[in-house]
Amino acid sequence: MSMSVVTQRQSIPWNSSLSTLQLLLDRIGGAGTVQVLDEDKRIRAFNCVELTVDAKIIVMEWRATPVNDMFADSVLACIMQTEMGGTNIKGTTGQSKSDRTHFKECLLETLQDTFGENCIPKMFKGDILPVSVSGKHAEVNLETLAVTSVDDENLRQIVNTTVQKLYQSLVSTT
């Protein structure tokens with residue numbers, strides 16, 4: 001018995017920026033939902049839906065499965081809602097340097113309140129924040145807000161939820 005693979009493609013009018021769509025999709029699925037494949041041209045959402053911006057058209061492409069179709073429907077709903085409502089959405093104009101600094105300070109304080117004073121180093125460089133809890137380690141990418149952990153998936157999920165909830169609460173107030 002042979003098996004077929006169906007790839008679906010859909011074109012949608014789009015008058016906004018790809019970064020706006022990235023932010024909206026990250027709000028739906030959390031940090032790490034969107035991968036940039038080609039800056040300002042192509043992204044992948046939910047690890048299955050590729051979006052390519054060509055002039056004022058977004059082309060969605062995905063392999064047809066029930067789960068992938070569900071994700072494609074979510075992406076399509078997000079695009080359509082943005083097109084109908086315009087782009088005056090809180091948080092879509094990008095974060096200023098002071099907003100990032102404020103978020104970083106709040107995140108450090110929240111993680112210390114949640115996991116203890118020694119869960120994060122006193123000083124660190126770059127955009128990777130190491131978090132240690134009971135001998136297990138996770139890392140928060142302060143640029144993308146993605147959380148990774150080789151040691152423990154539960155720790156990764158808890159830290160990810162903490163980061164996402166804090167980000168959403170700060171973005172919705174700006």
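This is a predicted model: local features need pLDDT of at least 70, side-chain atom pairs count only at pLDDT 80 or more; totals for chains, interfaces and linings use all residues.

Colleague: Why is Thr 33 called buried?

Modeller: The relative accessible area of Thr 33 is 6%. Buried means under 20%, so Thr 33 qualifies as buried.

Colleague: Where is Thr 33 found, and what does its side chain reach?

Modeller: Thr 33 is in the loop between helix 1 and strand 2 (34-38). Its side chain reaches the backbone oxygen of Gly 29 at 3.0 Å. Beyond its neighbours within four places in sequence, Thr 33 is in contact with residues including Leu 25, Arg 44 and Phe 46.

Colleague: What makes the pair of Phe 46 and Phe 71 stacked?

Modeller: The ring centres of Phe 46 and Phe 71 are 4.6 Å apart, with 15° between the planes. Centres within 6.5 Å make a pair, and planes under 30 degrees apart count as stacked; therefore the pair of Phe 46 and Phe 71 is stacked. The count of aromatic pairs comes to 2.

Colleague: Which parts does the pair of Phe 46 and Phe 71 tie together?

Modeller: Phe 46 lies in the loop between strand 3 and strand 4, whereas Phe 71 lies in helix 2, so the pair ties together parts 25 residues apart in sequence.

Colleague: Why is Phe 46 called buried, and why is Phe 71 called partly exposed?

Modeller: The cut-off for buried is under 20%. Phe 46 has a relative accessible area of 17% and is therefore buried. Phe 71 has 22%; partly exposed covers the range between that cut-off and over 50% for exposed, so Phe 71 is partly exposed.

Colleague: How do you know that the pair of Phe 103 and Tyr 167 is edge-to-face?

Modeller: The centres of these rings are 5.8 Å apart and their planes lie at 85°. Planes over 60 degrees apart count as edge-to-face, so that is the label for Phe 103 and Tyr 167. Phe 103 is in helix 3 (residues 97-115) and Tyr 167 in helix 4 (residues 153-171), 64 residues apart. Phe 103 is buried at 5% relative accessible area, and Tyr 167 is buried at 13%.

Colleague: Which residues touch the most other members of the largest nonpolar core?

Modeller: Among them are Leu 21, Met 60 and Ile 79, in a core of 22 residues. Helix 2 supplies the largest share of this core, 5 residues. Another core, of 21 residues, lies apart from it and includes Cys 119 and Tyr 167.

Terms used: Residues are numbered from 1 along each chain as its sequence is written. Side-chain values use heavy atoms; hydrogens and water are left out. A nonpolar core is a set of buried Ala, Val, Leu, Ile, Met, Phe, Trp, Tyr and Cys residues joined through side-chain atoms within 4.5 Å. Buried means under 20% relative accessible area, exposed over 50%, partly exposed in between (1.4 Å probe, protein chains only). Helices (H or I, at least four residues) and strands (E, at least two) are DSSP runs, numbered from the N terminus. A polar contact is a pair of N or O atoms within 3.5 Å; within protein, one must be able to donate a hydrogen and the other to accept it, and residues adjacent in sequence count only if both atoms are side-chain atoms. Contact means heavy atoms within 4.5 Å. Rings of Phe, Tyr and Trp (its six-membered ring) pair if their centres lie within 6.5 Å; planes under 30 degrees apart count as stacked, over 60 as edge-to-face and the rest as tilted.
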